[in-house]
Structure formats: C-alpha cells, structure tokens
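Hi everyone, thanks for coming.

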Amino acid sequence: MITINSCGHNSHHRKPCNIEHKAGVEDHLILLIKKEAWCFLNGRKYLLHPNALLLFPPKTYIHYGCDTIGYSDDWIHFTMEEEDLCFFSSLHIPSCQIIYPYDFHQLSEYVRLLSDNFHSASAYKRQITDSFMRIFLYSLKESLENPPGNSVTRKYYQSFSGLRTQIYNNPANPWTIHGLAASLCLSPSYFQHLYKDFFHCSCQQDIITARLKLAKYYLATSTMGIGEIADFCGYENELHFMRQFKKFVGVTPTNYRRNAK
C-alpha cells in the first residue's frame with residue numbers, strides 16, 4: 001500500500017521562501033510548482049516555470065524556493081511498502097529532474113482530491129488515498145508519454161497549460177478570449193481551436209467552471225452573502241451569477257448552500 005504522510009493543495013507562501021533539506025527527507029516528495037521559482041539540482045541552480053513537477057526520492061538533497069511573494073505549489077510526501085516499489089519503478093518517472101507534464105491541471109485536481117480525503121475522517125481513508133495516489137502516478141506517467149496535439153501545435157502546450165492554471169488560480173480576473181489570445185500572439189479563433197484540442201473543452205467553459213468551483217467553496221464554507229460571492233468570483237452582478245449557477249450546477253446558490261451545510 002502507498003501511504004500518504006502529508007500533502008497539500010494550492011499551498012501559498014506570503015513571503016519569499018528558501019527551503020533546504022541537506023539530508024533530504026525520509027519519504028518520497030512530489031512538488032507541483034505553480035509560480036516562477038528555482039531549485040538546485042546536482043549543484044546547479046535552475047529556474048522553475050509554472051506547471052513544473054519535481055520528484056525527490058528519500059534522503060536526497062532538496063533545495064528550492066521563490067524570490068517573490070506568493071509562491072504556490074501542491075505537494076505530496078509518501079512511502080511505499082516493498083511490493084509497491086516494483087510498481088513505482090515500472091513507471092520510470094524521472095527523479096531529481098525538472099519535468100513539465102502536459103496535463104498539469106488534472107494532476108493538481110488529483111492532489112486536491114487526495115488532500116481532501118487525507119484530511120477526512122473516512123473509515124477507508126488509507127485505501128482511498130492509496131487508490132488516488134496510484135491514479136495520480138498513472139496519470140503522471142501518461143502525461144509524460146502522450147503530449148496532445150500534433151508536432152505543429154505541441155509547441156504551444158506549455159503556454160496554454162500555464163494560462164489554464166492562471167484561470168483556475170484566479171477565476172475572478174476579467175478573462176477574455178481576445179485578451180488571452182493576444183497574450184500568446186494568436187488569433188482568437190486559432191486560440192480557441194488549440195484550447196479545445198488540448199483540454200477537450202472551450203476556454204470560456206473553463207472560465208465558468210473555475211468561477212463556479214470557487215463559488216461552491218464559499219457557499220459551503222463561509223457566511224458571505226450571495227452578492228458578495230458573485231462579486232468575489234468575478235461576476236458583474238448577482239442575477240447573472242444566480243442564473244449561471246442554476247444552469248450549470250442544477251440548483252440555486254441558496255439551495256446549494258443549504259444542502260452543503
């Protein structure tokens with residue numbers, strides 16, 4: 001069984017950070033980097049772009065950090081029983097290397113589910129986290145083997161993946177297709193074509209999904225009013241928020257809050 005010792009999703013540092021483990025740690029560590037950062041590998045300092053992933057085996061020198069405010073990452077500390085080491089080795093996931101999985105966003109979603117279950121009181125927590133971790137590792141393996149698109153469009157994937165992460169990290173921003181396309185020096189039509197080709201949904205749908213995901217979180221966990229949540233999630237008015245929420249979630253925000261509580 002794969003045992004999760006600790007994990008976190010969308011962890012934020014309010015100050016610049018400099019994290020060093022000279023003797024490493026006692027378990028495996030996976031980091032999903034979401035903001036410009038840096039790390040030392042084999043005595044050399046490297047720049048880490050958003051959507052980078054690092055895997056450190058036990059007792060391996062670890063040194064990474066960020067020189068600006070707001071460093072963000074997902075992280076998993078895990079150990080494996082003897083029979084699981086063969087499974088893990090068979091995946092051939094590079095360690096102590098900077099890798100950029102093509103479906104970084106999906107991997108981050110798996111970490112969110114993993115973290116939610118890890119901190120739950122489920123009677124089957126160990127079995128569920130073991131299953132989620134295997135799904136994560138299989139998906140990571142696939143993300144390293146089968147980048148989407150063709151040889152012409154694949155060069156854009158890392159830029160698109162970074163934009164998608166920004167959308168989900170900051171759903172309230174006034175995102176527009178024209179603005180996003182212009183940031184990559186692409187026409188809006190070609191931008192939308194590539195986005196759907198890479199992620200199997202439209203960019204506009206991702207913006208809506210990110211906002212509703214944030215709204216559901218605050219409806220379930222805060223006492224903020226419906227209008228406050230609408231504004232906080234990037235909606236111009238409460239009515240638009242309520243209509244869109246009912247259309248895609250199936251219930252009104254008020255009923256969702258009542259059911260969640």
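Predicted model: local features only at pLDDT ≥ 70, side-chain atom pairs only at ≥ 80, totals over all residues.

Let me start with a term: a residue is called buried under 20% relative accessible area, exposed over 50%, and partly exposed in between, using a 1.4 Å probe and protein chains only.

Residues are numbered from 1 along each chain as its sequence is written, and side-chain values use heavy atoms, with hydrogens and water left out.

When I say helix or strand, I mean a DSSP run (H or I, at least four residues, for helices; E, at least two, for strands), numbered from the N terminus.

Back to C96. It sits in the loop between α1 and α2, and its phi is positive, about 55°, although it is not a glycine. Most residues other than glycine have a negative phi. H92 is in the loop between α1 (82-90) and α2 (104-118), and its phi is positive too, near 55°. Is H92 buried or exposed? With 63% relative accessibility, H92 counts as exposed.

Next, the strands. Two strands pair if DSSP finds at least two bridges between them.

Now find β8, residues 72-80, where 7 of the 9 residues are buried. Strand β1 (residues 2-12) runs antiparallel to β8 and is joined to it by 8 bridges; S11 has D73 in β8 as its bridge partner. Strand β3 (residues 28-33) is also antiparallel to β8, with 6 bridges, and there L32 is partnered by D74.

On to the helices. The axes of α2 and α3 (residues 125-145) are 9 Å apart, at an angle of about 170°. Axes here are lines fitted to C-alpha atoms, for helices over the stretch in contact, and angles run from 0 to 180 degrees between N-to-C directions. Angles over 145 degrees count as roughly antiparallel, so α2 and α3 are roughly antiparallel to each other.

How far apart are the end C-alpha atoms of α7? They are 27 Å apart, which agrees with the 27 Å that its 19 residues (203-221) should span; the expected span is 1.5 Å times one less than the number of residues. The buried residues of α7 include C203, I207 and L212. Contact means heavy atoms within 4.5 Å, and the buried residues of α7 pack against several helices, among them α4 (157-169), α9 (238-249) and α10 (253-260).

Let's finish in helix α10, with Y256. Y256 is partly exposed, at 23%. Y256 and K216 are 40 residues apart in sequence, but 7.7 Å apart in space, C-alpha to C-alpha. Leaving aside neighbours within four places in sequence, the contacts of Y256 include K216, L219 and F245.

Key: Parallel < 35°, antiparallel > 145°, perpendicular 65-115°, else oblique.
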